[in-house]
Amino acid sequence: MGPDGLHRLYGPVAENDPRALYEMLRREYGPVAPVLIHGDLPAWLVLGHRENLEVMRTPSLYTRDSRLWTMFREDRVAADSPLMPMLQWKPLCVFTDGDEHARLRRAVTDGLAQFNRHGVRRHVTRHTRQLVAAFAGRGSADLIPEYAEKLPMLVMTQLLGMPEENGPRLVDASLDLMKGSETALVSNEFVVDTLRSLVRRKGVRPGRDLASRLIGHESDLTENEVVEHLRLVLVAANETTVNLIANTLRLVLTDRRFRASLSGGQMTLPDALEQVLWDAPPLSTIPGRWAVGDTVLGGRRIKAGDLLMLGLAAGNTDPDIRPDLSAPVHGNRSHLSFSSGPHECPGQDIGRAIAETGIDTLLTMLPGLELAVSEAELETSAAWLTERVESLPVRFEPPPAIAAPRAEDGTPRSAADPAPAERPGPPPRRRSWWKSLLG
């Protein structure tokens, strides 16, 4: 706790068991709780499902313009604060409302709309084969560092128009940035510099990718706006999809009831992902919204300029809407994992496609996949915005040699090579993903 008796949302105590902290705050304060963030700066954590939706859907009362934050106006945020990459105002759709938000968001949504689900699945399948081929012969792997943390970035570099060799360093930088670590600013600078170089190359030689679409969009974005929106899409899509894949794989490998439901044919993979989005959302909290004027939320008096942290994980377990957390939520998409209102995540369908196809392909390639340690040995890694399993050691029967993807001339294709043009033909026959899991 801080010197004034408020609970911190950061640090080892808060990150050891964030869910327990949320429930303790709910019991003590109700749906809206006063908390401290990095630097012991005051904020409000919104815990209630209804209250979260009220904040998300009412930009006239709760703006995304961080320049209104009292802490910024009083110069109480250090220049090297790990909060800066996430909260400092930038020319982004996530920091604007009204007409300016509509202009910027339209460029992003139009840019993402050019990627159909089938095309995304093709990229995911190819990169999954590459990643699995690297460890399949061992009969063992750790699915977090060797798979979940790598796949989304490989796919996103393709969609953004980046060379895939940028992927490994971008993975490390984006994960570090989201943790709010002491090196977050340095990581952010690396990401921005890499993207700025990309934008300048695409300005000369455009392609069919997100960078080129933003550059040529009728919204007439500046170079800085293009760079910042590419950063937003890259970091947010990677972090959320890594966490979604990791948390879903953990559930698949540890929950017997889940397996039983699958073997009975009662749950599809999209249903499974939806369950995880309720129980273990890719982002636990989102900063934030800023009160335009004095108001009341959840019985708490919010002052103009106050910061509100959206508690997605806490809202998803609000007893007012989920009195029984063990009850299945098949087909129910009213969770908060992708936010709501005018700032609802525009890339959620791409994230779902990457996670669903990646998990399906992985389990099809490695039938009989099972956890190599006891469930009790699995550790959860948490930061002030995220929570997911840290390591997922597995074992399996090594499958027949998995050929690396090859180019037209028969030479092995590296991860940096572009995918070949899609050819017409009948779709391959695929085994059900849960049959692969159950052997």
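## Aromatic and charged contacts

The structure holds two aromatic pairs, where a pair is counted if the ring centres of Phe, Tyr or Trp (its six-membered ring) lie within 6.5 Å, with planes under 30 degrees apart taken as stacked, over 60 as edge-to-face and the rest as tilted. In the pair formed by W69 and F72, the ring centres are 5.0 Å apart and the planes stand at 80 degrees, so the arrangement is edge-to-face. W69 is buried at 1% relative accessibility, whereas F72 is partly exposed at 22%; buried means under 20% relative accessible area, exposed over 50%, and partly exposed in between (1.4 Å probe, protein chains only).

Charged side chains also meet rings, a charge being placed over a ring if NZ of Lys or CZ of Arg is within 6 Å of the ring centre and within 35 degrees of the ring normal. The charged end of R67 sits over the ring of W89, 4.0 Å from its centre, and R64 lies over the face of F95 at 5.4 Å from the ring centre.

## Basis of the model

This is a predicted model, in which local features need pLDDT of at least 70 and side-chain atom pairs count only at pLDDT 80 or more, while totals for chains, interfaces and linings use all residues. Residues are numbered from 1 along each chain as its sequence is written, and side-chain values use heavy atoms, with hydrogens and water left out.

## Overall composition

The protein has 18 helices and 13 strands, which are DSSP runs numbered from the N terminus (helices H or I, at least four residues; strands E, at least two). Of its 439 residues, 56% are buried, and the accessible surface comes to about 19300 Å², with 52% belonging to carbon and sulfur atoms; these areas come from the Shrake-Rupley method with a 1.4 Å probe. Among contacts (heavy atoms within 4.5 Å) between residues at least 6 apart in sequence, 73% join residues at least 24 apart.

## Strand pairing

Strand β3 (residues 41-46) has five of its six residues buried and pairs with β2 (residues 32-37) in the antiparallel sense over six bridges, V35 having A43 as its bridge partner in β3. The hairpin of β2 and β3 has three residues between the strands, and G39 in the turn has a positive phi of about 85 degrees. Strand β3 is also joined by three bridges to β9 (residues 307-311), running parallel, with M309 in β9 as the bridge partner of L45.

Three bridges join β5 to β13 (residues 393-395), and R395 in β13 is the bridge partner of S140.

D271, in helix α15 (residues 269-279), is buried at 18% relative accessibility, and its C-alpha atom is separated by 6.5 Å from that of G331, 60 residues apart along the chain. D4, in the segment before β1 (7-8), is exposed at 51%, and D4 and D40 are 9.5 Å apart, C-alpha to C-alpha, with 36 residues separating them in sequence.

Terms used: Pairing = 2+ DSSP bridges.
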